[in-house]
Number of protein chains: 2
Amino acid sequence: VSDLQVPTSPLEPKPAESFFRSRWAEAPAGVSELDPDALAPGFAASGSDRRSRGSSTDVALLHQTEPGGSSAILLTRNASAAAPIVLCREGLDQGGIRGVVVNSGNANASTGEQGYRDAEAMQARAAAALGLESREVAVAETGTIGVPLPIDEVLEGVDACAEALAPGEAGDFTRAIMTTDAFPKRCCVELDGVTLSAQAKGAGMIEPGYATMLCFVQTDGVVEDAEDRLRAAVAASFERITVDGQMSTNDTVVLQATGASGKPLPDGLLEAALLQLALEIVADGEGSSRVGRIDVTGARDADEAERVAREIANSPLVKTALYGRDPNWGRIAQAAGKALAGETIPELGPDVIDADGLGAPEAEAEIALRLDRGDGAAHVFFSDLTHTYIEINAEYTT
Amino acid sequence: VSDLQVPTSPLEPKPAESFFRSRWAEAPAGVSELDPDALAPGFAASGSDRRSRGSSTDVALLHQTEPGGSSAILLTRNASAAAPIVLCREGLDQGGIRGVVVNSGNANASTGEQGYRDAEAMQARAAAALGLESREVAVAETGTIGVPLPIDEVLEGVDACAEALAPGEAGDFTRAIMTTDAFPKRCCVELDGVTLSAQAKGAGMIEPGYATMLCFVQTDGVVEDAEDRLRAAVAASFERITVDGQMSTNDTVVLQATGASGKPLPDGLLEAALLQLALEIVADGEGSSRVGRIDVTGARDADEAERVAREIANSPLVKTALYGRDPNWGRIAQAAGKALAGETIPELGPDVIDADGLGAPEAEAEIALRLDRGDGAAHVFFSDLTHTYIEINAEYTT
């Protein structure tokens, strides 16, 4: 059983402190929870602890020691994508990822030609240390935008991490990738003879393109169509959340599957793990004290439902009502009316809006809107908007 | 000279405390500023002061005593439009408006059939009191959504206002239409023998459809094509602002022109007055301490420029940077990159982003982004995001 209960997370603990402790994340039947800091077999990891000693960045390294298998990577669609995103698009064998190198503390975004060369240098140094080709190593970075990367320090960190690689152990890796995160987000679970581990970070600048933060997933299961499988799981997890409606320049999700167990990755395992991790990112949204789920049904189509749900989830009036426990259905009517501006709809009142969850005592609130225009449905998970968000983002100065 | 300097407004006073005191609102050459609480000739107004004595609503009444002339009205496009909006669409002679009745304190939105009948009752009572047809009276309401209108109290207020009508005097009217406004927003100006007065209210739930709040404008100038003229002036003023990216269910702008001066409304007078009033609404944005202007140039077309400018203006990361005086150009690159997600653009860095205004000491901050993709340009004025916004909206409970 997991020791994952983290006092600073507002997600409500279920009995037995399951990793799958959100009311919205159902544990697959028969799943076992292992040490959440463990890695699936065939992987080793490490992470530096330099920021606690005054450095501006930390480095984390992941090595798939078991050759073969499959992989996939999803990258932000932000047009101001960071250097590592461009490198992973252009200079990575996306189906043959064997290593991952991460720098946290500096986004290496809007850093020009030098930034791209720095990302290449990270990739090459990690590849050399791990005995891989550069094209087999994914690079991910997170932190401040527009500040040149202290590349010498980062490369020293890569070397140190390569020496510290620990088979089966992801604790240092998970802590090293955190930035403004208040608690670590990770799991290691087993089902039907297949182990899956995952480590995520993210707390602000969170709304989907498809990826929305950094997340690394390892398994010894067999995963054919890794990209399709990852894309579908992300669509149902990281694509369903918003903290502040922003889209990061650096979002990255990586899946690596060795296939060494000889058994297929069970249906629902990846999906449930990513959903719980996504909900933890919302719960850790900068300053977040509560998590809401808005369900929109009866839209003309899924796209319309999604548009209405996002307008509600990102409305600062709805987000402050969630914070203030105000079951204010009028704000939901207003936000939906903005999403459908110019259209004629039946009046939205308490008969079709359930806002009671906003005022409920639970940290996880469910609200719903029924439009009666068709069969389109969508849901979005969102954080509240609190004083702490302002503090973090107004008082954090470049 | 105006006495309009209001200590609670963050707009910077110009020498002589001009009404046109924003750096962005240029006074038309030769304009005279009259008592800002005055009305143009041919109009009378009044307003109740019932909320200070425990009532939930106030009523304000405006009467064009000079017959004839022209008028226009612009109404929110929110699909959850309030009852008075629907009534003004269906049951108003939009070109022949002679009276305006306003209730502040209750939006009369999402109030069903009864809400529509209540708005009709307000219109009929005001018309009877003013000796007009119902179709000549515009109805505007602002306040809480989804609460039944206390119609008996409102009708009593209409009667009392009818008895208190004061020719040439809008002070009570202006104060009665305020809700969360921290200061009154109004002017009375004269140019080339034509007088124009205007009264506005608005502080939150502000982003354009086209109208964004309540604003009433009176003039004795001749205005042919009143609707086109009003629409153009609103496009350059109330359509250029955002406080929290929301769209009200009740936004209304009314222009009434008697034409009694026999002279045309001078070019630029309406436009300058509405721009200054729009900037005062941003400056009075809930919790606002600063106002920013983002100029986007070099977009593929005006629509793209507008989309990028709004993404920046509504980004909570940019808004908190404005509050915290952090010249963080990376947040502008991120927001622009979200608006252009999926597209390939040259990297956005300090060479094309001017974020210095965010960190400048002035209350009015100018920031700019040059995209180098075409000739499209747009600008948007926006408020910062502060602790007070959270307080107002989280602690205000239905």
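In which hand does H5(B) pass H6(B)? In this predicted model, the crossing of H5(B) with H6(B) is right-handed. Helix H5 of chain B covers residues 226–235 and helix H6 of chain B covers residues 269–283, and their axes come within 9 Å and cross at roughly 40°. The two helices H5(B) and H6(B) are therefore oblique to each other. On the side of H5(B), the contact is made by Arg229(B), Leu230(B), Ala233(B) and Val234(B), which meet Leu270(B), Glu271(B) and Leu274(B) of H6(B). Sorted by class, this contact of H5(B) with H6(B) comprises 5 nonpolar and 2 charged residues, with no polar residues.

The axes of helix H2 (residues 112–130) and helix H3 (residues 151–164) of chain A come within 10 Å, with a crossing angle of roughly 20°. Because angles under 35 degrees count as roughly parallel, H2(A) and H3(A) are described as roughly parallel to each other. The crossing of H2(A) past H3(A) is right-handed. From H2(A), the residues Asp118(A), Ala121(A), Met122(A), Arg125(A), Ala126(A) and Ala129(A) take part; their partners in H3(A) are Ile151(A), Val154(A), Leu155(A), Val158(A), Asp159(A) and Ala162(A). The contact of H2(A) with H3(A) contains 9 nonpolar and 3 charged residues, and no polar ones.

Burial was then considered for helix H9 of chain B, which spans residues 329–339. Of the 11 residues in this helix, 11 are buried, so H9(B) is largely enclosed by the rest of the structure. The buried residues of H9(B) include Trp329(B), Ile332(B) and several alanines, among them Ala333(B), Ala335(B) and Ala336(B).

Over all chains, the count comes to 6 aromatic pairs. In one of these, the ring centres of Phe19(A) and Phe20(A) lie 4.9 Å apart and the ring planes stand at 70°, so the arrangement is edge-to-face. Phe19(A) has a relative accessibility of 1% and counts as buried; Phe20(A), at 1%, is likewise classed as buried. Another edge-to-face pair is formed by Phe173(A) and Phe216(A), with 5.5 Å from centre to centre and 80° between the planes. Phe173(A) belongs to helix H4 (residues 171–177) of chain A, whereas Phe216(A) belongs to strand E10 (residues 214–219) of chain A, so this pair ties together parts that are 43 residues apart in sequence. Phe173(A) is buried, at a relative accessible area of 0%, and a value of 0% also places Phe216(A) among the buried residues.

Arg290(A) occupies the loop between helix H6 (269–283) and strand E13 (291–299) of chain A. With a relative accessible area of 1%, Arg290(A) is buried. Apart from neighbours within four places in sequence, the residues in contact with Arg290(A) are Leu322(A), Arg325(A), Gly357(A), Leu358(A), Ala360(A), Glu362(A), Ala363(A), Ala365(A), Phe382(A), Ser383(A) and Asp384(A).

Terms used
Residues are numbered from 1 along each chain as its sequence is written. Chains are lettered from A and ligands numbered from 1 in the order in which they are written. This is a predicted model: local features need pLDDT of at least 70, side-chain atom pairs count only at pLDDT 80 or more; totals for chains, interfaces and linings use all residues. Side-chain values use heavy atoms; hydrogens and water are left out. Buried means under 20% relative accessible area, exposed over 50%, partly exposed in between (1.4 Å probe, protein chains only). Helices (H or I, at least four residues) and strands (E, at least two) are DSSP runs, numbered from the N terminus. Axes are lines fitted to C-alpha atoms, for helices over the stretch in contact, and angles run from 0 to 180 degrees between N-to-C directions. Angles under 35 degrees count as roughly parallel, over 145 as roughly antiparallel, 65 to 115 as roughly perpendicular and the rest as oblique. A crossing is left-handed if the near helix is turned anticlockwise from the far one by less than a right angle, and right-handed if clockwise. Contact means heavy atoms within 4.5 Å. Ala, Val, Leu, Ile, Met, Phe, Trp, Tyr, Cys and Pro count as nonpolar, Asp, Glu, Lys and Arg as charged, and the others, Gly among them, as polar. Rings of Phe, Tyr and Trp (its six-membered ring) pair if their centres lie within 6.5 Å; planes under 30 degrees apart count as stacked, over 60 as edge-to-face and the rest as tilted.
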